[in-house]
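Please look through the sequence and the model shown below before reading on.

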Amino acid sequence: MIGTFWSLVPPIVAIALALLTKEVYSSLFVGIIIGGLFYAISTAAGFSGFVDHVLQNGLISSVSDSYNAGILVFLVILGIMVALMNKAGGSAAFGEWAKKHIKTKVGAQVATIILGIAIFIDDYFNCLTVGSVMRPVTDRFKVSREKLAYLIDATAAPICIIAPVSSWAAAVAGFAGEGENGWALFCKAIPYNYYALLTIIAMFALVFMKVDFGSMSKYEKALQMMSETSEETEERNGSSKGTVGDLIIPIAILIVFCILGMIYSGGFFTAQVEEDGVMVASSAYHNIIEAFSNADASVGLVIGSFGALIVTLILYLVRRILSLREMMDCVPEGFKAMVPAILILSLAWTLKAMTDSLEAKDYVASLITNAQGLKYFLPAIIFAIAVGLAFATGTSWGTFGILIPICIAAFPEVSDPIRIISISACMAGAVCGDHCSPISDTTIMASAGAKCDHVKHVSTQLPYALSVAAISFVCYILAGFVHNFFIPLALGCVCVIGGLFIMKKKGFAVEA
């Protein structure tokens with residue numbers, strides 16, 4: 001079962017069960033058990049080997065991984081900060097401000113998209129920050145939590161993958177082979193990233209045309225028929241001394257500190273050089289691009305969020321908005337708010353460990369190698385394979401890691417236009433699969449940021465994401481022949497907007 005189609009069965013079963021049963025915890029657990037059984041059978045490890053593989057090599061190893069542990073710490077700190085801002089009355093004050101300045105449902109959604117685009121530094125940071133800031137506003141204008149989760153998710157990975165300065169750009173640059181300028185490669189691929197670009201176009205078109213389709217329309221219509229929700233009242237339960245600044249200032253500090261934390265982890269302030277075979281600290285260097293390319297997103301986000309938490313505590317103490325006891329009460333409250341996301345992430349990482357041990361990536365790599373005869377169709381084929389791999393494994397970065405080196409090896413000539421189109425197709429497909437997958441950490445945190453049921457988020461955003469994916473697939477077929485980014489992109493835009501217009505006329509999409 002190792003290195004064959006069977007290696008993809010555990011995540012496929014987990015995803016199918018999650019969509020069918022609407023229950024994600026047990027579905028992930030079943031996928032993990034199947035993966036452990038397949039591994040034990042293939043290696044003749046027996047029952048003890050099965051238990052060790054699932055628990056020791058799977059769950060414990062995944063949670064104790066330094067990168068994953070950092071993400072969990074970041075989640076907890078961000079949860080505490082959100083609890084603090086709510087307790088201080090900052091969220092309620094922002095809601096009152098938004099009531100005066102944001103007049104329509106369209107305005108609330110556009111503000112959410114713009115904020116998501118502005119926070120391009122990291123997808124995890126994007127999901128939770130945009131959710132905590134915009135949730136009171138979208139609640140007021142009766143935007144469903146499912147729609148909010150989609151807007152958050154669609155401005156997370158799709159924005160990061162076309163932002164030259166982001167943790168994703170650093171990851172892609174790191175996957176380029178020796179002798180390759182990873183950063184230049186990433187920048188050249190941006191115009192061909194049709195899925196990310198068309199997702200942004202689709203979001204604005206959905207909002208301005210005021211249409212929804214699929215199961216999203218059901219939740220939007222249901223909310224319109226309800227009276228003002230109790231959630232809005234809940235958001236007002238904070239200090240009466242709170243101002244808009246008590247929300248905006250901590251968020252701004254968080255953004256600045258996370259950027260500083262990222263470049264710090266990349267060696268911007270304490271570059272290491274080798275002298276006589278020994279690594280020693282040299283004077284600071286000022287190449288931000290290089291620092292981002294060397295950054296550890298997990299470490300950087302923990303440093304940034306922890307620093308922002310300390311400054312926020314001091315700010316609230318100085319302004320006498322909250323007592324020390326009230327602020328400390330927010331610590332367990334913020335932790336509890338993040339427990340569902342932490343549990344789902346831990347199980348998703350464990351399932352990924354099972355998939356990795358079954359060598360699913362090697363199996364997918366062999367599929368691409370066997371398709372070399374279809375050169376002009378290869379970008380579209382790579383896009384489809386990347387979508388499937390990222391969807392099944394829940395990781396876009398892992399998909400980059402296996403497919404980008406293969407694309408570079410398949411097209412060694414730098415002047416070959418198919419080369420950069422194929423690399424971009426790999427990146428776009430990985431983001432698409434990550435965007436759709438219920439076991440993706442970004443999808444999980446988008447649900448957490450919007451405080452939306454995770455399975456509902458996945459089921460409502462799938463029709464939107466798959467529609468853009470289908471159009472992107474056609475764009476990559478065309479790009480393989482015309483070797484020009486603009487013509488396929490223009491066609492994609494026409495298909496997105498024209499498709500929504502036709503659906504609205506024919507009654508397949510409803511007025512939002």
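This is a predicted model: local features need pLDDT of at least 70, side-chain atom pairs count only at pLDDT 80 or more; totals for chains, interfaces and linings use all residues.

Residues are numbered from 1 along each chain as its sequence is written, and side-chain values use heavy atoms, with hydrogens and water left out.

## The chain as a whole

The secondary structure comes to 25 helices and 4 strands, where helices (H or I, at least four residues) and strands (E, at least two) are DSSP runs numbered from the N terminus. Of the 512 residues of the chain, 55% count as buried; buried means under 20% relative accessible area, exposed over 50%, and partly exposed in between, with a 1.4 Å probe and protein chains only. The accessible surface of the chain is about 20,300 Å², and 67% of that surface belongs to carbon and sulfur atoms; such areas come from the Shrake-Rupley method with a 1.4 Å probe, and for residues only the protein chains shown count as cover. Among contacts in the chain with a separation of 6 or more, 80% are between residues 24 or more positions apart, a contact being heavy atoms within 4.5 Å.

The structure holds 0 disulfides, a disulfide being a pair of cysteine sulfur atoms within 2.5 Å. Cys-495 is in no disulfide, and the nearest cysteine sulfur, that of Cys-475, is 6.7 Å away. Cys-495 counts as partly exposed because its relative accessibility is 35%, whereas Cys-258 is buried, with a relative accessible area of 0%.

## The second largest pocket

A pocket is found on a 1 Å grid over the protein atoms alone, as an open set of points where a 1.4 Å probe fits, with protein on both sides within 12 Å along at least five of seven lines; lining residues have an atom within 4 Å of a point. The second largest pocket has a volume of about 450 Å³, the volume being the space filled by probe spheres set on the points, which are joined across faces, edges and corners. Its lining is made up of 27 residues, of which Asn-68, Trp-349, Lys-352, Thr-395 and Asp-441 lie nearest the centre of the pocket. Several elements give two or more residues to this lining, including helix 3 (46–64), helix 4 (66–87), helix 21 (396–410) and helix 23 (441–450). Helix 18 gives the most, with 6 residues.

By class, the lining has 10 nonpolar, 10 polar and 7 charged residues. In this scheme Ala, Val, Leu, Ile, Met, Phe, Trp, Tyr, Cys and Pro count as nonpolar, Asp, Glu, Lys and Arg as charged, and the others, Gly among them, as polar.

## Buried residues in helices

Val-431 is found in helix 22 (residues 417–436), and it counts as buried because its relative accessibility is 0%. Leaving out residues up to four places away in sequence, Val-431 touches Ala-157, Pro-158, Ile-161, Trp-168, Tyr-195 and Ser-396. Thr-442 has its place in helix 23 and is buried, with a relative accessible area of 0%.

| Pair | Separation along the chain | C-alpha distance |
|---|---|---|
| Val-431 and Thr-395 | 36 residues | 8.7 Å |
| Phe-400 and Ala-386 | 14 residues | 8.4 Å |
| Ile-2 and Phe-38 | 36 residues | 8.1 Å |

## Partly exposed residues

Ile-2 lies in the segment before helix 1 (9–21) and counts as partly exposed, since its relative accessibility is 29%. Beyond its neighbours within four places in sequence, Ile-2 is in contact with Tyr-39, Ser-42, Thr-43, Ser-357, Leu-358 and Glu-359.

Most residues other than glycine have a negative phi. Lys-210, however, has a positive phi, near 55°; it is placed in the loop between helix 12 (194–208) and strand 1 (211–212) and is partly exposed at 38% relative accessibility. Lys-451 also has a positive phi, near 55°, and is found in the loop between helix 23 and helix 24 (454–482), where its relative accessible area of 42% makes it partly exposed.
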